[in-house]
Amino acid sequence: VKKIAVFTSGGDAPGMNAAIRAVVRTANHFNIECFGVWEGYNGLIKGEFIKMGPRSVKNIINRGGTILKSARSLEFKTKEGRQKAYENCKKEGIDALVCIGGDGTFTGATIFNEEFGIKTIGIPGTIDNDIFGSDNTIGYDTALNTAMDAIDKIRDTATSHNRVFFVEVMGRDAGFIALNSGIAAGALDIIIPETRDNIDDLFETFVKAQKAGKSSSIVVVAEGEKLGNIYGLAELTKKQFPHYDIRVAILGHIQRGGSPSCADRVLASRLGYGAVVGLMEGRVNVMAGLQANKLVFTPFREAIKKHNNINEDLLRISEILAI
Ligand code: ATP
């Protein structure tokens with residue numbers, strides 16, 4: 001590879017900047033020319049490439065969001081859109097793409113490679129941790145800490161007023177943020193899409209908590225939970241326990257922002273380096289990830305299709321420690 005382009009796509013995640021920095025500086029180290037693409041696949045279609053060198057990525061390792069901006073590109077989902085993207089890559093002489101994003105981004109990259117032969121390699125950047133092939137995705141650790149801090153603050157008011165709080169955290173269809181932030185913040189119950197919870201289990205937990213003398217409680221609910229919407233859960237609980245003072249808090253997009261944690265910066269640095277080295281070794285249509293602290297490459301198709309399993313021990317621990 002002689003000329004590569006890096007972009008961020010899909011939902012932004014803290015640590016994406018650290019990954020861009022690592023890609024640009026590793027490329028520079030190995031004398032590979034590097035371009036940044038503006039706004040993900042949209043930038044490929046519009047031909048918005050920016051030449052990047054080591055100084056273009058100064059002072060960004062600590063910044064949330066992505067300096068290259070991100071986008072969801074409908075046009076790239078069409079053959080015509082991808083044709084335009086290919087023409088632009090050809091014009092610039094780009095022979096490989098480093099794609100930082102989630103499963104949608106990797107799906108697009110796979111199709112693009114199969115149609116036009118441009119080499120693609122991925123770096124998992126999403127707070128949801130819903131990608132197979134890396135123990136953690138970039139942004140997940142920061143989001144976890146943000147959620148934990150927010151739940152800690154809610155706990156202060158919950159305890160002061162003997163309230164029950166239902167707190168919704170992000171994660172789309174995955175319960176990793178809910179399970180881990182819930183354990184870390186001492187939640188009474190954690191409701192995630194991966195387990196077949198029913199409302200009676202939740203009520204049983206409340207009864208146990210009452211018997212144990214708990215006067216306030218926090219229930220963490222993953223946004224993708226199938227049991228019901230968080231307001232519905234709160235309403236059903238109120239019907240069952242009319243004396244409860246119940247509140248709902250939805251943490252929302254604060255979980256996507258902020259300065260990346262140390263773990264996310266280091267992960268992003270390792271994967272940014274790994275992606276460039278992977279390309280130099282001839283790896284294509286794979287995602288760089290860390291498993292058991294080792295750099296590994298997983299074919300896009302597997303990364304998209306499979307999911308990391310929820311840790312059964314954590315589920316059990318969360319129940320035992322709650323009361
Ligand atoms: P996140 O997990 O944060 O949502 P993501 O990468 O999954 O990130 P998506 O919006 O699903 O986010 O995908 C990013 C972009 O990838 C899309 O906007 C689109 O341009 C491209 N993409 C997704 N699916 C396809 C597809 N089937 N064909 C071509 N391009 C696609």
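This is a predicted model: local features need pLDDT of at least 70, side-chain atom pairs count only at pLDDT 80 or more; totals for chains, interfaces and linings use all residues.

Q: Which residues are closest to the ligand, and how many surround it?
A: The ligand is surrounded by 18 residues, the closest being Gly10, Gly11, Gly102, Gly104 and Gly108. Helix α4, residues 103-116, gives the most to this shell, with six residues.

Q: What makes up the shell around the ligand by class?
A: Three of its residues are nonpolar, eleven are polar and four are charged.

Q: Why is Gly102 called buried?
A: A residue is buried if 20 or more other C-beta atoms lie within 10 Å of its own. Gly102 has 25 such neighbours, so Gly102 counts as buried. Its place is in the loop between β4 (96-101) and α4. Not counting residues up to four places away in sequence, Gly102 touches Gly10, Gly11, Thr126 and Ile131.

Q: What makes Asp103 a buried residue?
A: Asp103 has 21 other C-beta atoms within 10 Å, and the cut-off is 20 or more; Asp103 is therefore buried. Asp103 lies in helix α4. With neighbours within four places in sequence left aside, its contacts are Ile131 and Ile304.

Q: How do you know that the "binding site" residues Gly11, Arg72, Ser73, Gly102, Asp103, Gly104 and Thr105 gather at one spot?
A: The grouping itself comes from an unreviewed UniProt entry. These residues span 95 residues in sequence, yet no two of their C-alpha atoms are more than 13.9 Å apart, so they gather at one spot.

Q: What other residues does UniProt list under "binding site", and how far apart do they lie?
A: The unreviewed entry also lists Arg21, Ala22, Val23, Val24, Arg25, Arg155, Lys214, Ser215 and Ser216. They are spread over 196 residues of sequence and also spread in space, with up to 53.5 Å between C-alpha atoms.

Q: Why is Arg21 called buried and Ser215 exposed?
A: Arg21 has 25 C-beta neighbours inside 10 Å, and therefore counts as buried. Ser215 has 12 such neighbours and counts as exposed, because the exposed class takes 12 or fewer. Arg21 lies in helix α1, residues 16-29, whereas Ser215 is in the loop between α7 (199-211) and β8 (217-222). Leaving aside neighbours within four places in sequence, Arg21 is in contact with Val57, Ile60, Ile61 and Gly272.

Q: How do you know that the span of α7 agrees with its number of residues?
A: At 1.5 Å a residue, the 13 residues of α7 should span 18 Å, and the end C-alpha atoms are 19 Å apart, which agrees. The helix is followed by Gly213, whose phi is positive, near 90°.

Q: Which residues have the most contacts inside the largest nonpolar core?
A: They are Val6, Ala19 and Val23, in a core of 86 residues. Helix α1 gives the most to this core, with eight residues. Val6, with neighbours within four places in sequence left aside, is in contact with Ile20, Val23, Val24, Cys34, Gly36, Val37, Val98 and Ile100.

Q: Why is Gly64 called partly exposed?
A: Gly64 has 19 C-beta neighbours inside 10 Å. The buried class begins at 20 and the exposed class ends at 12, with partly exposed in between; Gly64 therefore counts as partly exposed. Gly64 is in the loop between β3 (49-52) and α3 (79-92). Its C-alpha atom is separated by 4.5 Å from that of Pro14, although the two are 50 residues apart along the chain. Outside four places in sequence, the contacts of Gly64 are Pro14, Gly257, Gly258, Ser259 and Pro260.

Q: Are Glu39 and Ala292 buried or exposed, and why?
A: Glu39 has 20 other C-beta atoms within 10 Å and is therefore buried. Ala292 has 6 such neighbours, so Ala292 counts as exposed.

Note on methods: Residues are numbered from 1 along each chain as its sequence is written. UniProt positions are given in the numbering used here, feature names are shortened, and annotations may be inferred rather than shown by experiment. Helices (H or I, at least four residues) and strands (E, at least two) are DSSP runs, numbered from the N terminus. Two residues are in contact if their C-beta atoms, placed from the backbone, lie within 7 Å. A residue is near a molecule or strand if its C-beta atom, placed from the backbone, lies within 6 Å of it. Ala, Val, Leu, Ile, Met, Phe, Trp, Tyr, Cys and Pro count as nonpolar, Asp, Glu, Lys and Arg as charged, and the others, Gly among them, as polar. The expected span of a helix is 1.5 Å times one less than its number of residues. A nonpolar core is a set of buried Ala, Val, Leu, Ile, Met, Phe, Trp, Tyr and Cys residues joined through C-beta atoms within 7 Å.
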